[in-house]
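Let's take a friendly walk through this structure together. Have the sequence and the 3D view ready, and look up each residue as it comes along.

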Amino acid sequence: MFKKIGIPRALLYYDYYPLWHTFFENVGAEIVLSDRTNNKILNDGVKYCINEACLPVKLFHGHIVNLIGKADCLFVPRMKSVARNEYICPKFTGLPDMIRSSVPNLPPIIDCEVNLRKSNAQLKEAFFEAGSFFTEDKARIWTAAQIAMEANDRYRKQVEGGRLPAQILENRQVPDNDGLRIAVIGHIYNLYDDYINRGLLGKLYENGARVFTPELIQGGIVDGNAAKLDKKVFWSFARRLMGAAMHFAEQKNVDGVIYLMSFGCGIDSFIAELCERRLRRQTDIPFYLIVLDEHSGEAGINTRLEAFIDMLKWRKRNDSDLSAHG
Amino acid sequence: MNSCYLGIDVGSVSTNFVLLDDNGIVLKKLYLRTQGEPIRILKEGLTEIRDFIGDRYSIAASGTTGSGRQLASLIVGADIVKNEITAHAVAALAVRPDTRTILEIGGQDSKIIIIRDGMVYDFAMNTVCAAGTGSFLDRQAARLNIPIEKFGGYALKSSNPVRIAGRCAVFAESDMIHKQQTGQCLEDIINGLCEALVRNYLNNLAKGKAIESPILFQGGVAANVGIVSAFERELKEKIIVPENYDVMGAVGAAILAREETEKKGYTIFHGFDIIKSKYEAVSFQCSHCSNCCEVVELLADSQVVARWGDRCGRWSNAKEQKRAAG
């Protein structure tokens, strides 16, 4: 039996931490979360991960290294599918194998498989497998699973009610701005990890903007919009981004859209393009694609962001005041 | 004494100064190589500007732009610090109010700015790759032993351009060497390079954007007649190279600075005495957390003027508090 479980503060952490935390707590585990992404985590990630992976996967490796020596075991579930007839990025499926083959001196890894492509029933197996490392009491595991699912539902409702995952999980302060309305579309681990995106959301807030992310849109609206595509996008997270972009395109309720993509992301390479085309064909809303990589200089992202905000302000003021240059 | 307005564009390759008079006419322009020493070049430029204006003019506003805009603004006391996109757009519109497209190729950046109804409608900047920017042409000119000023002239003499792969500067170079080894003439290779650069620019940056006339071509590379002609052949439109194409960023900064001071009623320009001060930028690694930020400190006569580069703000804010208190 294990006592302490290490959970990396990376990738799907931003989607499922309330579920994982509640479950492990209720089977009697003590949870150790890796530190917030920092320079050392990035360096370790780049050092241990295979070179071809995207930056978020490299960072995940860094978070694993950060947990070594702090916990009896590490939680790296083998995530294959989180919804019926849908998949997620194949790198998530292979994550436990990548970690095992790349990072030395690892404690045991709990890599229960999550595959809900055919039905949700498989989730039960995943819970029992993960719980069995901490207790033999099956009833206790099942109760913990129920409480965890409820916590997950509450978390979703909170987010859909307008609170960003970073606000709930990381205590991020979000100012009550009423300036430009800017939608930021991207994978959760790019949107809410301040290190990886060079504090993008903070920079938008400083400019008085209100920020809208795909997570804030109700699941039903995302589904409805994504269903309008000629062919189903079968990657769950890509579908969320696409559905969100289509929602903004239809409602025309934002002044600008920023797509945040990590260099080397296979899914984003064409979902970003699809979102851009959809927005440009249906609307006049400015769109900008920001590609994140290991660059540590902020000048590039600052210049682009400043120029984008200037453009939005210029457009807004143009009707009444012709001389404004932002 | 008449008023004039100073604009400074600190770029990766060149640092440009412009003085505008009350009618927006360029009184003086300077195009200096940055040579990796922005502070020294800034002082050199300011000395030349001071000697030029003597007691005929007084500086009523100053503005900075370019990747070194923050540093320059702290040294000269800039009324406005603007990104290059906005600065270039403002300058282009001052020359041709009906401008619809701006092509800008500088030392390490290339940009396309789409203007509609006299304001920035859309823009793009090169992402991860600097192929096809000025520094690449510089390097190739040096390798071929041709002064960069004459580079474009060679291209015009070509009768049969060879195809060079322009996707990547490294590949382009090996492709050029290969073409040289097989005995192709220099003029054709240089013309091939110009065409590759234009093709790359249009495929990467201008992808999906409507390039409509009037088209202005700005930035140092606009001096290259080979590139101008390759653009005209590819776009089948006339390319306008404005008189002050090489310093348009600085022109924009001067115009914006003037607007800003007219709004607030005074300038914070430090005056020319700063030339006598000894400016020094020193950097150190903060060891307070595992981010290990590289903090830069700007010293004027051994006094800290500003600090930046820290993610958490403990250094830059400390400075600001000191400034507010003192």
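## An asparagine in a loop

Asn85(A) sits in a loop of chain A, between β4 (78–81) and α4 (90–93). Bear in mind that this is a predicted model. The phi angle of Asn85(A) is near 60 degrees, a positive value in a residue that is not glycine.

## An arginine with a positive phi

Now move along chain A to the loop between α9 (188–191) and α10 (200–206), where you will find Arg198(A). Arg198(A) is not a glycine either, yet its phi is positive, about 55 degrees. Arg198(A) is buried, because its relative accessible area of 9% is under the 20% cut-off.

## A sheet in chain A

Next, look for the strands. Chain A has an open sheet of four strands in the order β2-β1-β3-β5, and the pairing is parallel. The edges are formed by β2 (30–33) and β5 (109–110) of chain A, each of which pairs on one side only.

Zoom in on one pair: β1(A), residues 4–7, runs parallel to β2(A), and four bridges link the two strands. If you find Ile7(A), you will see Leu33(A) of β2(A) standing opposite.

## A cis peptide bond in chain B

Over in chain B, the peptide bond between Ser213(B) and Pro214(B) is cis, with omega about -5 degrees. Pro214(B) belongs to the loop between α7 (186–204) and β9 (215–218) of chain B.

## Where the two chains meet

How many residues of each chain take part in the contact? The contact involves 31 residues of chain B and 29 residues of chain A. Together the chains bury about 2,500 Å², 49% of it on carbon and sulfur atoms. Met119(B), Phe123(B) and Arg311(B) supply 24% of the area that chain B buries against chain A, more than any other three residues.

Charges meet here too: there are four salt bridges between the chains. In a salt bridge between Arg280(A) and Asp122(B), the closest N and O atoms are 2.9 Å apart. There are also 11 residue pairs in polar contact between chain B and chain A. On the side of chain B that touches chain A, α2 (69–76), α3 (84–95), β8 (119–125) and α9 (248–264) of chain B each supply at least two residues. The largest share, seven residues, comes from β8(B). By class, this side of chain B has 13 nonpolar, eight polar and 10 charged residues.

How values were computed: Residues are numbered from 1 along each chain as its sequence is written. Chains are lettered from A and ligands numbered from 1 in the order in which they are written. This is a predicted model: local features need pLDDT of at least 70, side-chain atom pairs count only at pLDDT 80 or more; totals for chains, interfaces and linings use all residues. Side-chain values use heavy atoms; hydrogens and water are left out. Contact means heavy atoms within 4.5 Å. Buried area is the accessible area (1.4 Å probe) that two parts lose on being put together, summed over both. A salt bridge is a side-chain nitrogen of Lys or Arg within 4 Å of a carboxyl oxygen of Asp or Glu. A polar contact is a pair of N or O atoms within 3.5 Å; within protein, one must be able to donate a hydrogen and the other to accept it, and residues adjacent in sequence count only if both atoms are side-chain atoms. Ala, Val, Leu, Ile, Met, Phe, Trp, Tyr, Cys and Pro count as nonpolar, Asp, Glu, Lys and Arg as charged, and the others, Gly among them, as polar. Two strands pair if DSSP finds at least two bridges between them. Buried means under 20% relative accessible area, exposed over 50%, partly exposed in between (1.4 Å probe, protein chains only).
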